[in-house]
Every structure is written in structure tokens, then in C-alpha cells.
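Hello,

Here is the structure I promised to pass on. Please open it first, then read my notes below.

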Amino acid sequence: MIDPASGRDQKADVLVRDGLVAAVGAGLESPGAEVFDADGLVVAPGFIDMHVHLREPGFEHAETIETGSRAAAAGGFTSVCPMPNTSPVNDNPTVTSYIVERASRHALVNVFPVGSITKDSAGEALAQIGSMKKAGVVAVSDDGRPVMNARVMRRALETARAFGLPLIQHCEDLNLSAGGDMHEGLESTRLGLRGIPACAEEIIVARDLLLAEYTGAQYHVAHISTRRSIEMVARAKALGLPVTCEATPHNMSLADDDMPPYDSDYKMKPPLRSREEVAAVVDAIAAGVVDAIASDHAPHAGSEKMQEYERCPFGIIGLETALGVALETLYHSGRISLPRLVELFTLGPARILKLDRGRLAPGVPGDVTIFDPDLVWTYDLDRSFSKSRNTPWGGKTFRGGPVATIVDGAVVWRRQ
Ligand SMILES: [Zn+2]
């Protein structure tokens, strides 16, 4: 059992009763209880993915709360946070309540929605942040887009702070990135594709950190992907600001030159960067600058991805492969320990979102992820629970992956 919050890394039992962790320790007895024999496996707090797209309401042809939650369970996640770029956008408590209600009926895992920062995520008028918090949002973000206007961003940070919500920014200067399809560099030149320079991300990070310091708000950089962004976040943390960031499996493991020419399963935002930037993301995870791993699971229907590269939408699915990629890139490479890896999937995101989850202690919800760091398995896309197939990892064989997912004491997924 590995529980980063208590520092435990030992052989132990976890007893869950009435949906809550009842006890943790060696040799626990509970007559009549269902027993899960996890001998030789790692038992961890339930994994939390703080950045996913479930596409409901509005884009149910690509994913639904139900199918996305099944993919989450099959990836070892017990909680997911869907971003608000649905149709309609989750910018008011009616949409938030709809998502919470659908999730309570159809989702296999916990769903904690993220509300938008601005109305329709258009970057102008603020969304109904206070009433969305009452309806259940755990953070605000206009993900898919940044808040471009600094005045609006200042007001957003002040408002998020007043309601005790973290603000998650998709950092991309839209004027600099306009028309870009991949990272700007040698590869984009070679392929003749228009580039998105690293500084399109860094300029927004830099501006936002100044505003975060000015307002004292809790600020989180989504899918961080460049060395300079990381350096700025590290500096803000050293100043004691409540600033955090997440890294995605793809931006820590794949570079722009890994993309087979014009393969839209490698097209996402931020784009796959140069090898140096990828190394910087891994270094930042090892150095403790990164607080969470988030998949940015972004399903798109086959018809949308089956177009010429420039017309394809950005994003890949990632819930089912996040742990496999992270284990390979971070743990089997010797860069971080298993407890640190578990922390990035559990306590890290729980702290940012102020969820009383991500640890195994009496009284917390009985969410448990069981995984095998050495299990050899192949990602068979035909058996994916997601409705979409856009991923660079179809058919890939991984070392390490989830074995069972337990939500509120119930086994919701188990590897066959
Ligand atoms: Zn984003």
C-alpha cells in the first residue's frame, strides 16, 4: 500500500465499510467482507484526473459522461474533472446541475465539474462563478481557450479567490498561435505546417503570474509544456504564491519529431514540443515543480479526425493510457519513485481542488486504485471504453498499468 499523505509504503490491508475507508493497517479482519487479494500489486488512493473532456452535453457522438467514466475506470481513475467546453458551455448552475445529475445516474466514477471563467468561454463577461460553485464546480477554466484580456483575467482571479476556487488557465496567446497546427521548429518547417511557438504559452504564463501575485488568487497552469513556463512557475512557487501546474502524459513522453507525417492522432494543444522541452517537463516532474498528472482526455469522433491534418480538431484521448505512459516515462526510467508517482495522481490534484480524497485514511471516501507497475499489456483500441479512437498509443504494449478501480468501496472495473 502506498499512501503519500501519510508516507506509508508497506504491506497493509485497507478496509472499506459503507463507502468509507474504515481502517488501514496490517492483518485487518472483517468477517463477511468481500476480499480483494492485491498480493504483489500496489494499492493506492483513488486516482484523480483533474483535466478531462467528457463532451456531454452537446457532443455525445464523441463521448458521454457514461462512456468517459468507463474509460476513466479502466484507466484506474476514481474521480475526473470535466472541462466546461461543452455545448452549452458549463457557465451557469443549470448546466453544472445537469452534469452532476447525469453523472450521479450514469457515471462509474466521481465527476467533479469545472465551470467556465467567462460566459460562453468567450473571454469577456464573467460566468456565474458563485452559483456554479454552489451547484458543484471545483474550479474554473475556459480550457480550450485562454482568457486573453488582462482586465477580464484580473477580475476573474479576484472572483475565483472570493469563492475559494482555483483558476485553471489554458495558456495560449491566440494571436501568436493563430493558424498553427504543431510546435514551431525544425519539424514544422520540414513538414510545411504552420507553427505554434513555445512563447505563445509562456507569454500568458508570465502575464498570469503577475496577476496572480497582484490578486493573491490560486492559479493553476494546465498542461504545462515548455522549459520557460516551468521556470516561471518554479519562481512563483519559491515566492510562496499559491501557483500550481499539471503535466500531460503526451507532453512528457512524445516530441514533435515522433509524429508520423501529418498524423492527426499526434495533434493537440499545447502541441508536442521539441525533445528539449519534453526533457524539461520530465525534469520538472522529478524536481517537484509539477503538482499533478492530468490526461487532458479529449475525444473526437472518427469523422472529425479523418480529414486533412490542418482541418482536424486538436486533442487525443488519454484516460486509459495515462498510468502506463507515466510509469514508463517516469518510474521505469528511474526518474521518480513509486510514491511520488502515486502522489501526482492522487494527493497532488486533491490538494489543488481541495477535495478530501487522494489519501487512504479512516473517514475518507473508499476510493482505491490497484495497479501493477510491471504488468505487460497492450492497448487494444477496439476494446476501449471511450467512444473515440484518437490516440497515438493504439496497439502499444506498456509495462505497468491499472488492475482494478474501486469507487466508494465498490469495484467498478477490473482487468480481465
Ligand atoms: Zn487546454
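What follows is a short tour of the metal site, the strands, the core and the salt bridges.

One caution first: this is a predicted model.

**Metal site**

Start with the zinc ion. Asp143 (OD), His170 (ND1) and His223 (NE2) coordinate the zinc ion at 2.0 to 2.3 Å. Along the chain, these donors follow the spacing D-x26-H-x52-H. Asp143 sits in the loop between strand E9 (140–141) and helix H4 (150–162), and His223 in the loop between strand E13 (219–221) and helix H8 (227–238), so this pair ties together parts 80 residues apart in sequence. Asp143 is buried, at a relative accessible area of 5%. His223 is buried too, at 3%.

**Strands**

Now find strand E16 (residues 368–378). It pairs with strand E5 (residues 42–45) in the antiparallel sense, over four bridges. In that pairing, Val43 stands opposite Ile370. E16 is also joined to strand E17 (residues 397–407), again antiparallel, by eight bridges. There, Phe371 stands opposite Pro402.

**Core**

Phe371 turns up again in the largest nonpolar core. That core has 75 residues, and Phe371 is one of those that touch the most other members, along with Val80, Leu167, Tyr219, Ile285, Leu330 and Phe345. Beyond its neighbours within four places in sequence, Phe371 is in contact with residues including Leu41, Phe47, Leu323, Val342 and Val403. Another core, of 17 residues, lies apart from this one; Leu254, Met259, Ile316 and Leu381 are among its members.

**Salt bridges**

The structure holds 22 salt bridges. Here are a few to look up.

- Lys267 and Asp181 meet at 3.2 Å, N to O. The pair links distant parts of the chain, 86 residues apart. Lys267 counts as buried at 1% relative accessibility, and Asp181 counts as buried at 8%.
- Glu201 bridges to Arg273, with the closest N and O atoms 3.6 Å apart. Glu201 is in helix H7 (residues 198–215), Arg273 in the loop between H9 and H10, and 72 residues separate them. Both are buried.
- Arg340 bridges to Glu343, with the closest N and O atoms 3.5 Å apart. They are three residues apart in helix H13 (residues 338–345), so about one helical turn separates them. Arg340 counts as buried at 16%, whereas Glu343 is partly exposed at 22%.
- Asp257, Asp258 and Arg275 form a network of salt bridges.

Best wishes

Technical notes. Residues numbered from 1 in each chain as written. Predicted model: local features only at pLDDT ≥ 70, side-chain atom pairs only at ≥ 80, totals over all residues. Heavy atoms only, no water. Donors = N, O, S within 2.8 Å, 3.2 Å for Na, K, Ca; no water. Helix = DSSP H or I, 4+ residues; strand = E, 2+ residues; numbered from the N terminus. Buried < 20%, exposed > 50% of the residue type's maximum accessible area, 1.4 Å probe, protein only. Pairing = 2+ DSSP bridges. Core = buried A, V, L, I, M, F, W, Y, C linked by side-chain atoms within 4.5 Å. Contact = heavy atoms within 4.5 Å. Salt bridge = Lys/Arg side-chain N within 4 Å of Asp/Glu carboxyl O.
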